[in-house]
Amino acid sequence: MRTIRLLIGSAAMAFAALCLADIGYKVKALPEQQRLEVTMTVPVTSSTTALQVPSWSPGAYVLRDFASGIRDIRFTSEAGKELAFTKPEAFTWNVDTANVKALTATYWVANNPADGAMHYSGPPTYLYVVDRKTEPCLLTFDLPHGWLAVLGIDERRDGSYRAEDYDVLADNPVTMGDFLMDSYSARGKPHYIVYRGRLKQHIDREFVMRMCRQVTESQAEFFGGLPYSKYVWHFSVSPAMSGGGGLEHLSSTQIGLAVGVGPSTMYLCAHEFFHLWNVKRIRSYPLGPFDYTQLPKTGALWWLEGVTDYYASLLPTRTGWFGRDEFYRQVESNVNRTRSNEERLKVSPYDASYRVGEANNGRGNSSGFGVNYYNTGWLLGLCLDIELRTATSGKRSLDDVMRALYDQCKDGRPGFEEESIRRELVRFGAEKLGEAYDKWVMQPGELPVEQQLEKMGLSMRLRMARDPDFGFSWTIDDPSAGLRLTTVDPSRAEVLKAGEQVVEIAGVSMRSATIRSLRDLASQVLARQQVGTELSIVVKGEDGLRPVRMMLGSKVAERLRVEPAPYSNPVMQRLRDAWLGPAREKTEAVGSLARLELREAA
Ligand SMILES: [Zn+2]
């Protein structure tokens, strides 16, 4: 582990002599003016040079108005002469470059520094030259004194960054300024964990490092190596206790990281990292080289997003980060989400993917047309995986299909044709798998999750659950101060008030070194409490400390439950072991607390 505190004294101004063949981008950070100034230099090859800004960001299938963010744009020749231009549509500038050798475009985009750091994404920031997106791009920075920039492209000796084409440049977000950074090495390659935002001081950096390393190593093992020369985790720290959102990139990811680093944070990191292969390199052919003017049409988003999510749940269990119970909770959650949407009976997973651009009045919604391709795709991954495992007596699995698709696409080869998924399924599992694909992927309807789980000796059914009703929810702002009550049910209003701090629960002090470790501790202590018993807590209110005793009533709810079935036999047990990894039914630490997160504040 190597920890680096940035904002050191050395100047980080990096101007490179522009190589004439490359399209140049100089980004000047102006934190006080809350903007980034971009100077783009283009060797001219025709009498009119067309520049465009993307209308969407790869990975997020939603049309965006990035054009209105390009401000005060002007074009000059190598002699400094202002060049005329026309604007046939909002995102295109046709510049008159007759008798001009080099075109310079200057503009700025708004960027709010957060706690001294700036962060930006490629597509809203960089214009491209129409029909010349395959040319190399050279990026340089002009930064305030003491600032450094971190991105997933290797830095050259002169401080510049060279991307082989526009797609690579645009797919490398940048963090710069005052941030915290840790690094680790995996398979001989450097990995950087970059934290920004006010709450970065409260992150359990040692734990996050372990988590990122676990994700990196388990997935490198799965695919047999790491497909980049360096990797950057760009984390923006949010006050949430778990969860968050992210976007995948070629050699980095942008993640809103919950300061509590709950179990779903692990899934989020595993999901974005798995995209390094599935989406970024195993991609259907419309997903790169990109047409940035319109959303891509691919029927494979259920595979690219949903099956990615399936592996993000499966691998942390298979490699021992969580126990099997945590994976079963993921099955339940995806079934609940999928089956709460009636559209599943009308729209196939293929169409949910292919028609995503029709959602949201033709602007796309990044989750699917009618049906959500994340949770439906997750269940499809499960059903197809079990089908393949049982059809081949455990000799083959979805892992083989994933790796075969990677072999087909890796090393910069074109994306796969969409029937490739079906073809590989049939290759490993015979025609039975083709029939399953035709029915489950290409047609609307209910996925046979119960029947598939039964083949692995697991049952899924509705059970009455009786959980203790604490009558309050909480969050953590400061791990040395305890849990802050965010809501208090009317039944507890006489003894508790929202805003008060809980400093002790059942004799255990609610103080810890980090928000993550306190979140974990509090969740474990609360998970041990039983319905019908008395819970004692110590609360710190306006008048100081006071003990509170409360009877724990129960909340009864019908809940879907996946668990080993009584009819499970040794054959099923063997299949299950190969699928979920060495038997560890229960997660002792963080993982078992997923259910309790529901009680925590968002
Ligand atoms: Zn994703």
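User: Which residues coordinate the zinc ion?

Analyst: The structure is a predicted model. In it, the zinc ion is coordinated by H271 through NE2, H275 through NE2 and E305 through OE, at 2.0 to 2.1 Å. Written along the sequence, the donor residues are spaced H-x3-H-x29-E.

User: Where do H271 and E305 lie?

Analyst: H271 is part of helix 3 (residues 263–274) and E305 is part of helix 4 (residues 301–318), so this pair ties together parts that are 34 residues apart in sequence.

User: Are H271 and E305 buried or exposed, and what is the cut-off?

Analyst: A residue counts as buried under 20% relative accessible area. H271 has 5% relative accessibility and therefore counts as buried. E305 is buried as well, with a relative accessible area of 1%.

User: What can be said of the length and burial of helix 4?

Analyst: Helix 4 has 18 residues. From its first C-alpha to its last it reaches 24 Å, close to the 26 Å expected at 1.5 Å a residue. As for burial, helix 4 is mostly covered, with 18 of its 18 residues buried. After helix 4 comes G320, with a positive phi near 90°.

User: How does the span of helix 5 agree with its number of residues?

Analyst: The general idea is that an α-helix has 3.6 residues a turn, so residues three or four places apart point the same way. Helix 5 (residues 324–339) has 16 residues, which at 1.5 Å a residue should span 22 Å. The end C-alpha atoms of helix 5 are 23 Å apart, which agrees.

User: What describes two packed helices?

Analyst: Two packed helices are described by the angle between their axes and the distance between the axes. Here, the axes of helix 8 (residues 373–391) and helix 9 (residues 398–409) come within 8 Å and cross at roughly 105°. Helix 8 and helix 9 are therefore roughly perpendicular to each other. On the helix 8 side, the contact is made by G381, L384, D385, L388 and R389. Helix 9 contributes L398, D399 and V401. By class, this contact between helix 8 and helix 9 has four nonpolar, one polar and three charged residues.

User: Which residue other than glycine has a positive phi near 55°, and where is it found?

Analyst: Most residues other than glycine have a negative phi. N361 has a positive phi near 55°. N361 is found in helix 7 (residues 359–362). At 80% relative accessibility, N361 counts as exposed.

User: What is the case of N99?

Analyst: N99 is not a glycine, yet its phi is positive, about 60°. N99 lies in the loop between strand 7 (92–96) and strand 8 (102–110). With 82% relative accessibility, N99 counts as exposed.

User: Where does L143 lie, and is L143 buried or exposed?

Analyst: L143 sits in the loop between strand 11 (137–142) and strand 12 (149–150). At 3% relative accessibility, L143 counts as buried. L143 and P190 are 47 residues apart along the chain, and their C-alpha atoms are separated by 24 Å.

Notes:
Residues numbered from 1 in each chain as written. Predicted model: local features only at pLDDT ≥ 70, side-chain atom pairs only at ≥ 80, totals over all residues. Heavy atoms only, no water. Donors = N, O, S within 2.8 Å, 3.2 Å for Na, K, Ca; no water. Helix = DSSP H or I, 4+ residues; strand = E, 2+ residues; numbered from the N terminus. Buried < 20%, exposed > 50% of the residue type's maximum accessible area, 1.4 Å probe, protein only. Axes fitted to C-alpha atoms, helices over the stretch in contact; angles between N-to-C directions. Parallel < 35°, antiparallel > 145°, perpendicular 65-115°, else oblique. Contact = heavy atoms within 4.5 Å. Nonpolar A, V, L, I, M, F, W, Y, C, P; charged D, E, K, R; others polar. Expected span 1.5 Å × (residues − 1).
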